[in-house]
Amino acid sequence: LTKALNQCRAPGAYYLSSSKFRIRKGQGIVNKFMLYGTVQSLFVIVVASIGIISVMLSNVVHRTREFAIRISMGANHKALSTLVLIESVLMGSLGAMIGILLAILVSPVLIKVLAANIPGTSQLVYMINFNGMVLPLIVCGLCSLFAGILPSLRVRRMDILTAIRAE
């Protein structure tokens, strides 16, 4: 039947199978939604990274005396830089864990709201995916590691005598 219809139709004309059209339309909507979600997620990660840089720089400034005392007692700059990097990774990873927990709690409610208000979304299924939990942790951990580099370099370049005299 499809072969006969293809022979009969005019060049440039087409027909729609309603089920194929709905599937393609639904896939297009989902693809756009995923694209917008990805762009928003990247924007949020950039803003969060700037926040981590700000908090860690403030933390380094407030702890200058502590770092100077540690260095004068034998700690090296590398150990203190590593400490600052670990703190920033922990901050970013903790934020990711809180975000994942909130997503797990809010997703079922959001799906019900969407199904009630938008036609055709009743087929959405709530699903917890291992990659959906691990990937944000890895991405946020790496972004916060990169965000901790600037504060870590500030600790590495700290002059002990100036830091102790300033206090």
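Predicted model: local features only at pLDDT ≥ 70, side-chain atom pairs only at ≥ 80, totals over all residues.
I take contact to mean heavy atoms within 4.5 Å. Leaving aside neighbours within four places in sequence, I find Ser49 in contact with Cys143 and Ala147. Ser49 sits in helix 2. I looked up its cover too: the relative accessible area is 15%, and Ser49 is buried because that falls under 20%.

**Overview**

I then stepped back to the whole protein. I count 7 helices and 0 strands. Read from the N terminus, the order is α-α-α-α-α-α-α. Of the 167 residues, 17% count as buried. I noted an accessible surface of about 12,500 Å², with 69% of it belonging to carbon and sulfur atoms. For contacts between residues at least 6 apart in sequence, I get 77% joining residues at least 24 apart.

Next I went to the loop between helix 2 (18-62) and helix 3, where I found Arg63. Is Arg63 buried or exposed? It is buried, at 16% relative accessible area. I checked what Arg63 touches beyond four places in sequence, and the partners are Leu83 and Glu87.

**Helix 3 on its own**

Which residues of helix 3 are buried? I list Thr64, Phe67, Ala68 and Ile71. Looking down the axis of helix 3, I see these buried residues fall within an arc of 100°, so they line one face of the helix. My reminder to myself: an α-helix has 3.6 residues a turn, so residues three or four places apart point the same way. I also looked at what comes after helix 3, which is Gly74, with a positive phi near 120°.

**Helix 3 against helix 4**

For a packed pair I want two values, the angle between the axes and the distance between them. Here helix 3 spans residues 64-72 and helix 4 spans residues 77-117. Their axes come within 10 Å and cross at roughly 145°. I noted the crossing of helix 3 past helix 4 as right-handed.

Which residues meet there? From helix 3 I have Phe67, Arg70 and Ile71, and from helix 4 His77, Leu80, Leu83 and Val84. By class I wrote down 5 nonpolar, 1 polar and 1 charged. Phe67 and Ile71 were already on my list of buried residues in helix 3, and Leu83 had come up as a partner of Arg63.

**Ala79**

I stayed in helix 4 for Ala79. At 39% relative accessibility, I log Ala79 as partly exposed.

**Helix 5 against helix 6**

I have helix 5 at residues 130-147 and helix 6 at residues 149-156. How do their axes cross? They come within 4 Å and cross at roughly 35°. I traced the contact to Leu145, Phe146 and Ala147 of helix 5, facing Ile149, Leu150 and Pro151 of helix 6. The class count is 6 nonpolar, no polar and no charged.

Methods. Residues numbered from 1 in each chain as written. Heavy atoms only, no water. Axes fitted to C-alpha atoms, helices over the stretch in contact; angles between N-to-C directions. Helix = DSSP H or I, 4+ residues; strand = E, 2+ residues; numbered from the N terminus. Left-handed = near helix turned anticlockwise from the far one by under 90°. Nonpolar A, V, L, I, M, F, W, Y, C, P; charged D, E, K, R; others polar. Buried < 20%, exposed > 50% of the residue type's maximum accessible area, 1.4 Å probe, protein only. Arc of directions from axis to C-beta. Areas by Shrake-Rupley, 256 points an atom, 1.4 Å probe, with all protein chains shown as cover.
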